[in-house]
Each structure stands twice: as C-alpha cells, then as structure tokens.
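Biologist: Could you take me through this structure? I have not seen it before.

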Amino acid sequence: MSSDFSNLRVDFPVLDQHVGGHPLVYLDNAATTHKPRAVIDAVARFYERDNSNVHRGLHALSMRATDGYEAARARTARFINAADSAEIVFTSGTTASVNLVAQGWARDNLKSGDVVLCTEMEHHSNMVPWQIVCQQTGATLKYIPVLGEDAEGGLDMEALDQLLTEQVKLVAFTHISNTLGTINPAAEICAKARAVGALTMVDGAQSAGHEDVDVQAMGCDFYAFSGHKMAAPTGIGVLYGRRELLDHMSPWQGGGGMISVVRYDASEWKPAPERFEAGTPNVADAVGMHAAMDYLDSVGRPKIGQHEAELAALAYDRLSELPGIRLLGPRSGEPRAGLVSFAFADVHAHDVVTFADQDGVALRGGHHCNQPLMHKLGLPSTTRASFYLYNTPEDVDALVTSMRRILNFFGAG
Amino acid sequence: MSDLTDLYQAVILDHNKRPRNRGKLPQATRVASGDNPTCGDNCTVYLKMEGEKIGEISFEGSGCAISQASASLMTTQLQGKTLAEAESEFDEFKNIVTTGEEPADFSEVAAFAGVHAFPARIKCATLSWHAAIDALNKPDQPVEN
Ligand SMILES: Cc1ncc(COP(=O)(O)O)c(C=O)c1O
C-alpha cells in the first residue's frame with residue numbers, strides 16, 4: 001500500500017468495538033462513513049457553546065452561529081473550488097440537492113419534446129427525480145447504456161454521442177457509481193453536453209470525499225453530494241450550482257429565510273443561496289461538515305482515494321479466486337473507485353451479509369438503489385464491500401476469509 | 001447475538017438446496033405474488049384448489065436461503081389445507097419467527113425459530129406465506145402460466 005493510514009483509525013471512535021465477538025471490520029462506507037473525533041467534537045462544541053438560530057439574530061450566540069454556518073459555506077466552496085460561496089446551497093443531502101434542481105430548474109425549463117439524459121448506472125436519487133419532472137413537463141427521459149455483461153465497460157460513450165441531440169436539455173450522471181465502482185469521465189461528459197447546449201447535473205455522492213473535486217475544471221453546472229458519505233454528519237449536504245443558473249431558478253420550498261419581501265398576496269425571493277434554504281437550516285451539521293472537510297484535506301483526498309482504490313483492487317483480485325463468484329464493474333487492472341460488488345451463483349447476498357456480520361464484517365447486500373441496473377445484469381442483488389481511509393489490507397483478509405467460510409457452509413466452496 | 005447455526009438449521013439448508021414444489025403449476029386456479037423491495041426477493045405461489053382445500057401448491061421466485069427454504073416448507077405444510085387452516089398455520093409460523101418459541105408438536109417449521117434473533121430476516125421468512133394467503137383469498141379462475 002502506498003499510504004499506511006492505520007494510525008488514523010484511532011481518530012474514529014466507532015471503529016473501536018467488537019461485533020459478534022470479532023473486531024468490527026466496517027466495509028459499508030458507500031452507504032455511510034464514520035466520523036472522526038474532530039467532527040463529533042465540532043458538533044458537540046457548537047451545541048455546547050454557540051447553539052442559536054442563524055440570520056435573524058442580533059445577539060452574540062446568533063452571530064456566532066451565523067458565522068459558523070457561513071464559514072462552512074465558504075469552506076465548502078473551497079472544497080470543490082466553486083468560484084463563489086453564493087454557489088453553495090446547503091441541503092439535507094444528495095437526494096434533496098437533485099430534487100431541488102429537478103423542481104427548481106427543470107420543472108420551469110423543460111417542455112414536451114425536450115430530453116433529459118441519465119445513465120443506466122444511476123442511483124435512484126439521480127433517476128427518480130427526473131422521472132417525476134419528465135412526467136410533469138412532458139419531457140422524455142433517456143438513458144446512456146452501460147457496456148458489458150458485468151457492466152465492466154462503463155458508459156457507452158459512442159451511444160452518448162448519438163443521444164446528444166439539440167433536444168437534450170440536461171445530462172444527469174454519477175461521477176462514481178456506488179454499485180459498480182466505475183469512475184465516469186465527468187469533464188468529458190460535461191464538455192460534450194455543453195457542446196449541444198445541455199446543462200449537467202453531477203452526482204458527487206461517491207466522489208466528493210474521495211478525490212480533489214474542482215467543479216470549474218470539471219465544467220459541470222450542478223454538483224451534489226452528502227456530508228455523511230465523507231466523514232461529516234448525516235442530514236447535511238450540498239448543491240453546487242453555477243451562479244447565473246441559481247439566480248434564475250425558482251425557489252423549491254417557501255418559508256422563512258428565503259424571502260426578501262412578503263406581502264399577503266405575494267413575496268419576493270432572496271438571491272441564491274438563501275432562496276433555496278427555507279426554514280431553519282441544519283447549522284450544527286454544517287459546522288460538523290466544515291470540520292470533516294478540514295480533516296479530509298489534512299490527510300489529503302488524493303491519497304485517500306488512492307488508498308481506497310488499492311484496497312478495492314486487492315479485494316477484487318482476491319475475491320475473483322472464489323468459486324462461482326461474479327464481480328461487477330471494471331476488470332482487474334482497470335481504474336476502479338474504492339468499492340467492489342459481487343454475487344455468488346449459489347448463495348444469496350442476504351445470506352452473505354448475515355454471515356459476514358457474524359464475523360464482524362459489515363457489508364451491504366441488495367440492489368444498492370439501482371434496481372434497473374440489477375435487472376439488466378440479471379441479478380436480484382449483490383454484495384458490496386466499500387472502503388474508506390481507515391480500512392486496511394487486513395480488512396480485505398477478513399472479508400475474503402468470511403466469504404470462504406460462507407461458501408463452505410453452503411456447500412458451494 | 002445468536003449463533004448462525006440456529007438460523008441456518010439443517011432443515012433450512014436442505015429446503016434451500018432441494019426446494020419442494022418449486023416451479024409453475026399447470027392448471028393452477030389461483031396465484032399471488034409478493035416481493036420484498038428492499039432486498040429484491042420475490043415469490044409467486046400457485047394453487048390448484050379442490051373445493052375448499054388446496055389440492056396442489058407450488059412456488060417460484062428468487063431470494064435468500066431463508067426465503068427459499070420457507071417457501072418450500074410452506075408448500076409442504078399447506079397441502080390439503082383450507083383457508084382457515086392455512087391462516088392458523090401462518091399465525092403459528094409468525095409466532096415462531098417473531099418470538100423464537102418452538103411449537104409443542106414436533107414439526108419442521110420449528111427450524112425457523114432461529115430467525116427471531118435476526119429481525120431483518122423475518123420478512124424473508126414470511127414472504128411466501130403472505131403470497132399463499134393472498135392466493136387463497138382469491139376466487140378460482142384459470143391462471144395463465
Ligand atoms: C451515487 C449516489 N448517489 C446518491 C446517493 C444518495 O445520497 P443520500 O441518501 O445521502 O441523499 C447515494 C447514496 O446512497 C449514492 O451512492
């Protein structure tokens with residue numbers, strides 16, 4: 001391994017426990033990651049010292065809370081290299097961010113005959129909001145196919161060229177697939193979309209905390225991610241949107257904090273980002289996410305991404321030796337993000353996950369919020385192991401040992 | 001946490017490996033399906049009624065060992081039963097998988113007592129039973145399959 005992060009494990013209190021009599025081996029990081037002490041402390045400190053509502057207060061605590069919240073926004077802008085803090089909208093997570101664009105931008109700007117392009121590997125949260133808004137507006141939703149019987153070929157970029165007509169108004173795609181571990185060529189897709197005048201919505205749920213993200217270099221119009229998948233608390237997430245777009249978008253929800261003038265008959269909106277943050281925001285978790293960003297960048301996101309990718313590649317190669325296994329996504333030696341999905345011919349993912357849990361190994365089994373892709377691949381479900389900075393090669397050993405035990409138990413090994 | 005051999009008893013492994021009454025049923029007169037969207041398990045139960053009683057029963061579907069074994073065993077339990085009898089068998093089965101209490105009479109369904117220690121798996125065990133009861137509640141009509 002190029003980086004040994006095992007000394008960082010002590011930063012994550014939750015890792016210090018046993019499950020089923022075995023030390024916890026947490027390999028469900030694509031679902032949610034653990035939080036370092038620095039993040040837990042930042043949230044606790046906020047509640048202990050600064051807790052107050054933001055924006056409308058003139059007292060000391062309210063001003064501190066407002067400062068903390070806005071400092072988190074500025075930090076987030078730096079985290080993804082947005083040109084301006086006003087381009088950062090705080091949401092509850094990726095799902096809320098995508099829905100905000102669907103209802104705040106797409107609903108007003110799509111009409112019958114228009115096309116939204118999505119991919120076959122999309123998480124339901126970057127698929128269903130487009131289905132809804134296409135039904136509302138009469139636009140058509142089309143999918144960029146995924147190549148290969150095990151989806152090893154990634155997105156069909158030739159098909160993308162065919163699909164990218166002038167009718168396409170938006171291309172919504174995931175930067176990194178949570179099911180396959182595929183890393184999509186985000187900048188290339190954004191450039192192609194721009195060439196036909198389409199906007200781009202990038203789902204960064206699996207990329208933001210794993211590599212240096214530069215939304216300007218990527219050239220996307222919208223980028224969404226969730227704090228909880230990158231060492232920050234649950235319930236806080238981000239929508240980045242280019243300022244010209246956000247300033248012309250309708251509010252998604254109405255309420256306090258997002259208005260400049262309210263009369264009984266109608267109101268006027270504040271500019272972005274406040275326009276999209278109706279109601280009391282999640283101040284404490286924004287402060288916690290700020291601490292998470294500092295933590296991740298003190299370690300170095302490129303190093304984190306490389307570490308996870310090496311663990312996933314090791315897991316892929318070791319698992320491929322098991323009988324009756326089918327591994328999804330990029331083949332050995334191809335670029336792969338920090339996760340591996342697989343299925344056994346004779347043992348269902350649920351049995352695998354229940355078994356592994358007894359060995360202290362936390363995995364995820366199911367369709368990973370990607371039912372149509374599972375259907376296309378002819379699989380009811382898969383088992384997924386996903387890595388983060390605190391995982392080690394020994395965790396891969398524990399995974400493989402547990403899988404061998406399961407296969408033996410079911411007489412399939 | 002309970003031991004895995006409690007969950008995956010020999011009876012369960014056997015029914016999983018060699019499911020009984022698996023496949024479509026020619027001349028079925030009632031059919032119902034259920035699925036478990038969180039895990040992708042699905043199960044279809046076919047019945048051929050003889051009067052008020054189940055004459056023949058079969059199931060199809062995919063899922064984990066617990067759901068497949070449960071479906072297989074369910075078909076052997078409900079053969080020849082009426083709706084009322086099937087409902088009371090299902091009640092007993094639900095009691096076993098939710099409380100872990102084993103029935104007084106010796107029965108293969110007791111093998112499912114271990115499920116109660118794995119609450120996330122109770123739905124896997126009851127999926128096929130729900131489909132069977134749904135099917136029993138339907139009127140007879142020719143089923144295309
Ligand atoms: C690729 C991808 N997109 C979107 C989401 C949804 O994120 P959240 O549930 O935090 O809104 C996830 C998380 O499961 C994901 O992996």
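The conversation below covers a strand, its partners and a separate sheet.

Modeller: This is a predicted model, in which local features need pLDDT of at least 70, side-chain atom pairs count only at pLDDT 80 or more, and totals for chains, interfaces and linings use all residues. Residues are numbered from 1 along each chain as its sequence is written, chains are lettered from A and ligands numbered from 1 in the order in which they are written, and side-chain values use heavy atoms, with hydrogens and water left out.

Biologist: Is strand 5 of chain A buried or exposed?

Modeller: Five of the five residues of strand 5 (residues 115-119) of chain A are buried, so this strand is largely enclosed by the rest of the structure. Buried means under 20% relative accessible area with a 1.4 Å probe, protein chains only; strands are DSSP runs of E, at least two residues, and helices runs of H or I, at least four, numbered from the N terminus.

Biologist: Which way do its residues point?

Modeller: A:Val115, A:Leu117 and A:Thr119 point one way, and A:Val116 and A:Cys118 the other.

Biologist: What does strand 5 of chain A pair with in strand 6 of chain A, and in which sense?

Modeller: Strand 5 and strand 6 (residues 140-144) of chain A pair in the parallel sense over five bridges, where pairing requires at least two DSSP bridges between the strands. A:Cys118 stands opposite A:Tyr143 in strand 6 of chain A.

Biologist: And strand 9 of chain A?

Modeller: Strand 9 (residues 168-174) of chain A pairs with strand 5 of chain A in the parallel sense over three bridges. There, A:Val171 is the bridge partner of A:Leu117.

Biologist: Changing topic, what is the order of the open sheet of four strands?

Modeller: The order is 15-16-19-18 in chain A, with antiparallel pairing. Strand 15 (325-327) and strand 18 (364-366) of chain A stand at the edges, each with a single partner strand, so one side of each is left without a neighbour in the sheet.

Technical notes: Buried < 20%, exposed > 50% of the residue type's maximum accessible area, 1.4 Å probe, protein only.
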